[in-house]
Amino acid sequence: CHIGKLQRYLQCSAGGSDIPMKRAIIILALLVFPLVSLLAEPISFSGGSTSMHMQQGFETITLSQGATITSGSLRLEADTIVLTGESFRYATCSGSVSLNDEERGISLHSKNLYYDRQEELIIIDGYLELDDQINEVIASAFHLEFALDDGVVLLQVQVQLFKHTDSGAMACKADSLRFNRESQMLNLEGNAIIDWDKDLYQAQRITVDLTTEAITMEGAIK
């Protein structure tokens, strides 16, 4: 938004007549203040169509037709993105969602995505695909919770994960899988299966230390 556009809007709202300067300044301040708060955060946004609701305490920006937001090193693209909360803390994305973070070396694709910018938390309900370029991991599932600061990824429901290792590709399946990108630990629970280096491991729970390539299995081991 530009101040000039807001001024023209105020003039039009007054029937084309000049609004007293003091009143115009007050109205402009009310409209611009949430945007100043937004600009104070490392975020920018764009969209082919944009609507703004700036009632204090209920500020909302709806981006559509090629919606894009950039927050730090993270870039989100979707058919529609709705920004809400104080300083537009929450981003709710829907329709052909694509997330890329070059600094963290990750990308995500899904039909919906919820992002809490303050907590650095991503939540997805529905089919998703994750590509972790740094750790050479590709995964898919139907639910994701990703704490970006902690580097912990929780995948649930029909989880499949493929990890490149010096011993060849490691193929993992489970009902639930937790991947700690910092400690390089994989924790599989529920019908856990790992196919790796010509061996097949099956158990209720399997833990893999990717640094030492140590495997720990619990419950109905095969």
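Reply: A residue is called buried under 20% relative accessible area, exposed over 50%, and partly exposed in between. The model is predicted. With a relative accessible area of 41%, Tyr127 is therefore partly exposed. Tyr127 belongs to strand E7, which covers residues 121–132. Together with Phe142 and Val157, Tyr127 makes a nonpolar surface patch of about 270 Å².

Glu136, Asp166, Asp195, Asp197, Asp199 and Glu213 form a negative surface patch. One of these residues, Asp197, sits in the loop that joins strand E11 (185–196) to strand E12 (199–209). The relative accessible area of Asp197 is 45%, so this residue is partly exposed.

Next come the charged pairs. Side chains of opposite charge can pair when their charged atoms come close. The number of salt bridges in the structure is eight. Among them is the one between Arg89 and Asp116, where the closest N and O atoms are 2.8 Å apart. Arg89 counts as buried because its relative accessibility is 19%, a value to be read against the cut-off of 20%. Asp116 is buried as well, with a relative accessible area of 6%.

Another salt bridge joins the side chains of Glu120 and Arg104, at 3.0 Å from N to O. This pair links distant parts of the chain, 16 residues apart: Glu120 is in the loop between E6 and E7, and Arg104 is in the loop between E5 and E6. Glu120 has a relative accessible area of 13% and is therefore buried. For Arg104 the relative accessible area is 19%, so Arg104 is buried too. Glu120 and Arg104 also take part in a network of salt bridges, in which they are linked with Asp101 and Asp149.

A further salt bridge is found between Arg181 and Asp132, whose side chains meet at 2.7 Å, N to O. Arg181 lies in the loop between strand E10 (168–180) and E11, and Asp132 lies in strand E7, so the pair ties together parts that are 49 residues apart in sequence. Both partners, Arg181 and Asp132, are buried.

The aromatic side chains remain. A pair of aromatic rings is described by the distance of the centres and the angle of the planes. Rings count as a pair if their centres lie within 6.5 Å, and as stacked if their planes are under 30 degrees apart. The count by this rule is two aromatic pairs. In one of them, Tyr90 and Tyr114 have ring centres 6.0 Å apart and planes at 20°, so the pair is stacked. Tyr90 is partly exposed because its relative accessible area is 25%. Tyr114, with a relative accessible area of 29%, is likewise partly exposed.

How values were computed:
Residues numbered from 1 in each chain as written. Predicted model: local features only at pLDDT ≥ 70, side-chain atom pairs only at ≥ 80, totals over all residues. Heavy atoms only, no water. Patch = residues over 30% accessible without salt bridge, like charges linked within 9 Å, V, L, I, M, F, W, Y side chains within 5 Å. Areas by Shrake-Rupley, 256 points an atom, 1.4 Å probe, with all protein chains shown as cover. Salt bridge = Lys/Arg side-chain N within 4 Å of Asp/Glu carboxyl O. Lys, Arg positive; Asp, Glu negative; His and termini not counted. Charge placed at Lys NZ, Arg CZ, Asp CG, Glu CD. Helix = DSSP H or I, 4+ residues; strand = E, 2+ residues; numbered from the N terminus. Buried < 20%, exposed > 50% of the residue type's maximum accessible area, 1.4 Å probe, protein only. Phe/Tyr/Trp six-rings, centres within 6.5 Å; stacked < 30°, edge-to-face > 60°.
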